[in-house]
Amino acid sequence: MILPLPRPQYVAVPEGFITAIAWRAFTAGEVKNESGKKVALRFRGTEAVTKTLEYRITEPKGELLTSFGETVQSDGINTLLPPDQLGESIVNSVLGVKSDKGKFQPASPLSPAWAMMQNMSGIQGSENPPDLAEILETIFELGLNQEESADNHQSVTSLWLEAVSARLDSDRLLQILDLAADQSISEIQRAPLDPQRSSKAIGWEGLFPSSPFVWFRETWKTLTSAEWVEALPARVWVDWATTVLRQAYAMAYLFEVTWYDALARSILKSPENTWEELLFEMDDWFPWKPSNSGIEIRDVSSNLKWKSLRGVEIREILDDWLKATSNGDEDFETVHRMMHGDSALRNKLAVALGSRRENKNLWEAIRYSLITRETQGPYADHFGLLRSRGSRFLIADPGTEWITVISSLTSSKPGSTTNVGKVTEHLKMLGACPEPQDLIQLLELAGLARGSADADQGVAVETAY
Amino acid sequence: MIELTASEQSHLDGLLNGDQNYALFRVTKTGLSKSIFDATKEIRKFLRDNQLHDFDAQLQGQVHKKIVAGEFKTENGNFPFFMHLNRPQSGNGDPRFWIPEIKEIAKPGNIFCLHLFEKRLTISIISASVGDSTEVMAPSKATNTKLEIMDIANRQDQQDLWSMLGNLWERATGGSDVAARPGDGGSPGWPSGPATAGVDSATKWFKAESEIPKFLFLVGGPGGGKSFTAAKLVEGLKEIEPQGQDLAYRAHRYETTSGDGIYLVNDATIGSEIFEENPLSQEIVDCLKRNSHLIACVNRGILVEESNLLSERYQIGQQLIQWVANGNVDSDLDSSLTPQVTTTFPSDYLKAGFVIEGGKPVAEITAVYVDSCSLLEKVPYSEFSIQEDSSSFEGKPYVIQTFGDRKTTPMDSIPAGVILKETLELLAEAIDSDSPNAQYNPFVANIKSLSNSQISTNLLSVARAAEIGSSTKFTYREIWGLICRSIVGNAPNVYNSDQIEKVIISHLPITEDAIDNFHNFQVLAGFRYSQSIFGGGSEKSNNLLFDPVLRLMKVVDPVLDSQPGLFTGDVEHGWATPIVDAFSGPLTEGSPLESVLQQISQKDIFRNVITPFDWALDKSFVEAMQSEKIKDSQRSSAIYWYSMYISRLYATSNGISAFAIEVSNWLNLWKMSPHFPSETVEKQFTTLIRPPRIPDELNSSSLLPVFDSRTEPLRGDNARLKLAIRVNDVRFRTSRSGDSLFLHLIDHNLEVSKVLLDFALVREALSCVEGYPGVTELSKNVSPRLERVRAANLVPKMLSQTNEYRVVVDGKEETFSLERSSN
C-alpha cells in the first residue's frame, strides 16, 4: 500500500543521476578530509569550507592541468600540443550543463572517472544527500514483472557498468581520458563493487503493469544494450541516459502521489476495492493538455504541485495508521476495508485531500527533473519536458531531444522504425498522454516522422540513430 | 392514374417487389418541349409522404424553387439528376417539376416511376415510348461529358447561381469521415475526379476472369476515393444479406456469377463482429478458405496495427498485410510455412503479386496506394493487359513536375484540375452578369477569375507548393475543400447555404459612408479566392490550425514572403515591387490597382484576374482614404489590409507562393536526383551540413566537437580549445521515393547518414551564403536533424576509422592521434 520509495530531493544538475550510479558502482564509502569532515566534490566552481562540508574542486588547473595533459599523452595521445593546452581542451570538452543560477558546473559523466569528478554532496550541497542511486534501483525493481526470472541480477548500476565498459572498449579516446582522469585527477581510488539490486521492492513484482517503473526498466535495458551503446556518440548516450533517469525519477514520484490520492478517495468512498480497480481509477499523473488550449489550461504547475503536497500528507497518514495498527502484513482488500471502517482515519484523509500544507521537497524533486534548465547557449538543455511560461505557469513543451529519446528507445534496435502507436504506449506508461496530433507534430519537428492522413497510430517513426 | 399494360405492370412489380411507395408520371411531348411537367396529385403525395418536398408549404415564385437530387436507374447504369420543384408566380401557382437530365433519355410517351431505392430518390423507366420500339438507354460513359454540358444549358434557365453555390456546401471539407457505403451514389451534379494512379488498371485486373480468387487492397487515408472505387466494383451485384443503410458497416458480401462471391471490407477501421483480433488478417484467411474474392479499403494505421500482433493462426493474412504495408514480410513469421507472398509488379502506387501454396498460385493480389501520387500532378500511366495466356501490369513511374513544366500542362491531365475546371464550367454558365449588384458578389468574381485556365492552373501550382511546403498531400476531400474555398470562401464554415445571398446583401457597400462601405467590402472580399484559401478572410484563429485546407495553404501565403522585384515569369526576380510602390505616398487620390497595372507588363496574367468586384473595392478604398472622417488608425489598418489583398491576388493569379524559390529548388532537386541541380546548391548543402571553420575559405576543414551535447561545428579562429575531429571528405547524393526526397552523406565511399530532404532543409540550405550557414525561422526545427547527421561521424565505428583528431589553438589546427590500446 505504501510504495517502498525512499524520500527524494531535487537533483541540482542532471549529471547527478549518473554520478550517483557511478558512486554506487565503485565505492560506497564517503570522501572525508583529514579532520573527518565530509568532502563535497565539484568539477568547476569555488572551493569553500562550511560547518559540515569541505567543497573541493576537481577541475585541474595550473600545474595540475599540465600534469593532467602529460598523463593523457603518456596514456596514448600523441600530439605536439603543449600538455596544458591539451588538458584545457579536454576539460572544455567534458563540461556538463550549467544552470542559470548554478554555482558550479559538473563534468559530463562520459566514463566512470569523469562521472566521479563530483559526488552527491557536492552536487546537492548537503552533508546527507538522498541516496539517489538507491531510489533509481528501487524504481527499476518496481518495474520488474512476474515473468522475469527471480534470480536475475540486473540492476540500474550493473547495466550502466556494462554500457560504459562497452563504450570504453570501442572508444579509444574516451578510454585514454578515463584512465588519465583516474590517474591524475580523481580524489578517490575507485574500486568496483558488486552492483546490488535494491532490496526495498521485494514482493512488489508485477503490481504496476503500466507505470513509470515498467517504462524505466524496459527503457534502461534498451539504452544500455550493446546495440544502442554502439550506435550513439559518447556524449549523446550520456544525455539520453540522463533524460531517461530524469523522467523515471520524476514520473515515479508523480505516480506515487497519484496512487495515494486515488487510495485516499477509495477509502473514503467504499469499503471494497481491489488493487486492480484502484489502478484503473487512478487519474492521469501527468496532465498533458492539447497545445491549442490556453496557457491556463495547459499549466501543470498547480495541479502537480498540490497533488505532490497532498500525496506526501496522505502517505504519512496511511503510514502512521499502518504502523499504529500493525496491519501492514494483511492483504490489500482487508486493509482497505479496515481503513474504510476507521472513521478517524477517514476524517484525516478527507482533510488531507483538501490540504495545502507546505512541503516542497517532493514537488521540487519532480519539477527540477522535468523542467528545461538553460534554454539557450552552449549548455542549453534540450532534454526537458516542462517549460516555464512567465513566473506562474509550467507547461508540457518538450525539448526536441526529449521526444527523440523517448520515441527512439521504444525500439530495441537503432536504425529501425517504430510507430506512433508504440510511442504512445510508452508515453502512457510514463504517464504522458499528448494528443495524437501534438505527438505527431513533435515527432515531425524532430525530423523523426512524417504525418500521413491515414496512418493514425501507424505513422512510422524513425529512430534517431 | 396512369394505366399500365401487362408488361409494364410486370416490370413495375419486379422493380418494386411489392413496395407501394411510388408515383408514376408520363412524359409528354409538350412537357419535354416546354421543359416542365405538372406535379400530379400522385407525385405531390409521394414527395410529401417521403418528406422530400411539400408543395402545399411552398410559396410561389422562382426564388422559392427547391431542388432535390436523385438518381436515374437504367439498364446501362445509374446517373444523377436534379428535380426542380416550384410553383410559378403566375396564376394559382400550380405545382410543377422539371428534371433537366430527363431530356437525355426520355421520349414522348415514356412512363417513369418515382420511388426510393436504398432510401434514395430514384427514377426508373417502366415503358418504352408508345409507338416507338427504340430501346431507351442511359447515356454511355462516353457521352457523359456531353450530357453535363447540355445539362448546364438546361440549368442556366432552371437553376439560379445561388442554389448551385448552395450545393457546394456538401462538398466543403468537414463532412463525414465515415467511408461511403457501397450503395451510395456520388454527390450528384458535381464532377468526379479521375481515378488516382493505378486505380483504373487495378479495376480492369479485378474484373478480368481468373481461376483463382483476387484480393484487391485499396490503401490510403479518408477522402482518397477507396470506397468510391470499391462501390464501382460491386455496382450491380446483389448483396448477400444486405446491411442496413442507416449505419456504416465494416463489410459486405456480394454474389458473383463465378467463384464464391466478393467480400468487401468497406471500412477496416470499424471492428468486426466475427473476428475480434486482427480482423483483416482473419478475413484474408477466410477468403482464401472459401475461394472468395476480396476488396479491402484500408488505411495504413490498420496495416501497422495488424502487422504488429503476430499470430501463427492467421499467418498468411499477416504476411499479406505486411506485404501491403511495406513490401516486406516480417522475419519473425516462419518463412518455411506456406502459403507465401510473392511480388510480380512493384511501383510507388501499385503493387501486384500472388499468394503461393505448394508451388501454385492460390490468389492474385494487388495493392493500390490511392494517395501515393499528388492529385496536383499528372497521373502516371499504368495499364493491365491481358495476352492470350498471360496478363500483366505495366506502368510508368510517378513524376513530379517543376513549375516550368506545369505552365504548359493542360488542366485536364491533373486530377484536381479536372474537377476545378468542370466545376467552374458548371458555375460559369449560371452567372447572370446583368443581375443587380453582381459587381459586389465575390463568388461571381471568383468564378470569373478562375474561369481563365491559366489563373486556375496557377492556383493549383500554389496548392502544389503548399503540399511541398507542408510535406502533406491533398486528398480528394481536401481538393474539394480548396475548390469550395476558391469559390465561396469560408462561407460553408460560417453560414447555412440558404443564408449566403442574405449575407452578401447585408454587406452591400451602398451606404452614404465611405468608411462603412469599405468595411463592408472587406467582409465581402474575405470570400475572394485569393483571400479565403490562405485564411485571409474573417477566419477564427483555430481554423488556421485545424481547417484541413488552411492548415496546408497557410504555409505558402504569399504575404509571408513578398519578394521585391518585377515579375517576369521567374520567381527568382521577385514580384512585389509594383504593389509596394502602389502603396507608397499619400494615397489620397490614386488608385492602387491602377498603379499596379501601370507597372506590370501587358502580358501579366494579373490583368485577367481583376473583375468588376476588384475595381469596385479599389474605388471604395480610394473613397475611404479621401474621407474626412477617417482616423489615422483606420487609415493604417485599411492600407495594410488592402496591400495584403492585392499582394495575395497578384501572387496567386501568377502562381507565386510564399517561398517559391525554395519550393522551386526542391522540385529541381527532385527532378535531378541523385545529382544536384547546380554546383551552387551543392555548396549550400555542404555549408549547411559541414560548415567550414573559416567561412571565407570553402576548402577550410569542418571540425566537430567530439564530446559536446550538440554537434555544432567549431567556427572561427577563436573557437574555444576543444577536442574535435575533422570532417572533410564528405560527399552528398540524393534519392527519391514517391514524393519524398532524401539526402545521403557519403564519407570515404561509406554511407554515413541519410536524412529527409524536405522543404525545411532546402530552406535552411538556401540561406547559406559563401560558407556562412544562415538562420531561418525553421532553424530550431531543422537543427536537431542536422546535428544527428553530423553526429553520425562520432559513433565508435566511425571514430575507430578516423585519424583526423584536432584541437584549434590560436587559429591553427593542431592534430593529435591515438596510440592503439596495449590490451
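Visitor: Where in chain B is B:Glu572 found?

Guide: B:Glu572 is found in the loop of chain B between helix H21 (548–553) and helix H22 (577–582), where helices (H or I, at least four residues) and strands (E, at least two) are DSSP runs, numbered from the N terminus. Before we go on, please note that this is a predicted model, in which local features need pLDDT of at least 70 and side-chain atom pairs count only at pLDDT 80 or more, while totals for chains, interfaces and linings use all residues. Residues are numbered from 1 along each chain as its sequence is written, chains are lettered from A and ligands numbered from 1 in the order in which they are written, and side-chain values use heavy atoms, with hydrogens and water left out.

Visitor: Why does B:Glu572 count as partly exposed?

Guide: Buried means under 20% relative accessible area, exposed means over 50%, and partly exposed is what lies in between (1.4 Å probe, protein chains only). B:Glu572 has 49% relative accessibility, and therefore counts as partly exposed.

Visitor: Which residues does B:Glu572 touch, not counting residues up to four places away in sequence?

Guide: With contact taken as heavy atoms within 4.5 Å, B:Glu572 touches B:Ile661 and B:Asn665. B:Ser664 is 92 residues from B:Glu572 in sequence, and the two are 9.4 Å apart in space, C-alpha to C-alpha.

Visitor: Why is B:Ser673 called buried?

Guide: B:Ser673 has a relative accessible area of 13%, which is why B:Ser673 is called buried; its place is in the loop between helix H27 (660–672) and helix H28 (679–689) of chain B. Leaving aside neighbours within four places in sequence, B:Ser673 is in contact with B:Thr734, B:Ser735, B:Arg736 and B:Leu741. B:Arg736 is 63 residues from B:Ser673 in sequence, with 6.9 Å between the two in space, C-alpha to C-alpha.

Visitor: What joins the side chains of B:Ser673 and B:Thr734?

Guide: A polar contact is a pair of N or O atoms within 3.5 Å; within protein, one must be able to donate a hydrogen and the other to accept it, and residues adjacent in sequence count only if both atoms are side-chain atoms. The side chains of B:Ser673 and B:Thr734 are joined by a polar contact of 3.0 Å.

Visitor: What makes B:Thr122 count as buried?

Guide: B:Thr122 counts as buried because its relative accessibility is 3%, and this residue lies in strand E7 (residues 120–127) of chain B. A polar atom of the B:Thr122 side chain lies 3.4 Å from the backbone nitrogen of B:Phe117.

Visitor: Which sense do strand E16 and strand E17 of chain B run in, parallel or antiparallel?

Guide: Two strands pair if DSSP finds at least two bridges between them; five bridges join strand E16 (residues 382–386) to strand E17 (residues 391–395) of chain B, and the strands run antiparallel. B:Ser382 has B:Gly395 as its bridge partner in E17(B), and the two strands form a hairpin with four residues between them.

Visitor: Over how many bridges do E4(A) and strand E24 of chain B pair?

Guide: E4(A) and strand E24 (residues 812–818) of chain B pair over three bridges, in the antiparallel sense. In E24(B), B:Ser817 is the bridge partner of A:Asn78.

Visitor: What do chain A and chain B bury between them?

Guide: Buried area is the accessible area (1.4 Å probe) that two parts lose on being put together, summed over both. For chain A and chain B this is about 4100 Å², 55% of it on carbon and sulfur atoms, and the contact takes 50 residues from chain A and 44 residues from chain B.

Visitor: Which side chains meet in a salt bridge, and at what distance?

Guide: A salt bridge is a side-chain nitrogen of Lys or Arg within 4 Å of a carboxyl oxygen of Asp or Glu. The side chains of B:Arg788 and A:Glu401 meet in one at 3.4 Å, N to O, and the count between chain A and chain B is one salt bridge. Across this interface there are also twelve residue pairs in polar contact, both residues at pLDDT 80 or more.
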